[in-house]
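Colleague: I would like to go through the labels on this model one by one. Please set each value against its cut-off.

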Amino acid sequence: MRILLVEDDSLLGDGIHAGLKLADYAVDWVQDGEMARLALLDHEYDACILDLGLPKRDGISVLTEIRGRGKQLPVIILTARDTSADKISGLDAGADDYLTKPFDLPELLARLRALI
């Protein structure tokens, strides 16, 4: 299974990347919204873990564009934005799940398994 991880925080991204690899996922990790958009248009992934607060392009606009292009891969939003309005906005934009930071890696992995 190939996962796209979109996280701009290097320390957090490194930890998630390591955890996904230990769980036997192949992982591509990008740190800004434009690289995420390009990766999702150019490659096939089994799922995407997407932060919202990204440099160059925010996660919602990335998600809106890929859904508009017909990409149906499972997307888990992983963000510090925790209001009901944020969650509704993310899910309405096409996310399959929404998890707020801080989070437990085993829960993220369980949600990923459930979607895949």
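Colleague: Where is Ala26 found, and why is Ala26 called partly exposed?

Modeller: Ala26 is found in strand 2. Helices (H or I, at least four residues) and strands (E, at least two) are DSSP runs, numbered from the N terminus. Buried means under 20% relative accessible area, exposed over 50%, and partly exposed in between, with a 1.4 Å probe and protein chains only. Ala26 has 40% relative accessibility, so Ala26 counts as partly exposed. This is a predicted model: local features need pLDDT of at least 70, side-chain atom pairs count only at pLDDT 80 or more, and totals for chains, interfaces and linings use all residues. Residues are numbered from 1 along each chain as its sequence is written, and side-chain values use heavy atoms, with hydrogens and water left out.

Colleague: Which residues does Ala26 touch, not counting those up to four places away in sequence?

Modeller: Met1, Arg2 and Ile3. Contact means heavy atoms within 4.5 Å.

Colleague: What makes the phi of Asp24 worth a remark?

Modeller: Most residues other than glycine have a negative phi, and most peptide bonds are trans. Phi of Asp24 is near 70°, a positive value. Asp24 lies in the loop between helix 1 (10–22) and strand 2. At 68% relative accessibility, Asp24 counts as exposed. Lys56 also has a positive phi, near 70°. Lys56 sits in the loop between strand 3 and helix 3, and its relative accessible area of 72% makes Lys56 exposed.

Colleague: Which peptide bond is cis?

Modeller: The one joining Lys101 and Pro102, with omega about -5°. Pro102 is in the loop between strand 5 (97–100) and helix 5 (105–115).

Colleague: What joins the side chains of Gln31 and Ser10?

Modeller: A polar contact of 3.2 Å. The term needs a pair of N or O atoms within 3.5 Å; within protein, one must be able to donate a hydrogen and the other to accept it, and residues adjacent in sequence count only if both atoms are side-chain atoms. Gln31 is in the loop between strand 2 (26–30) and helix 2 (33–42). Its 35% relative accessibility makes Gln31 partly exposed. Leaving aside neighbours within four places in sequence, Gln31 is in contact with Glu7, Asp8, Ser10 and Pro55.

Colleague: What makes helix 3 largely enclosed by the rest of the structure?

Modeller: Seven of its 10 residues are buried, so helix 3 is largely enclosed. Those buried are Gly59, Ile60, Val62, Leu63, Glu65, Ile66 and Arg67. Their cover includes helix 2, strand 3 (47–50), strand 4 (75–79) and helix 4 (84–92).
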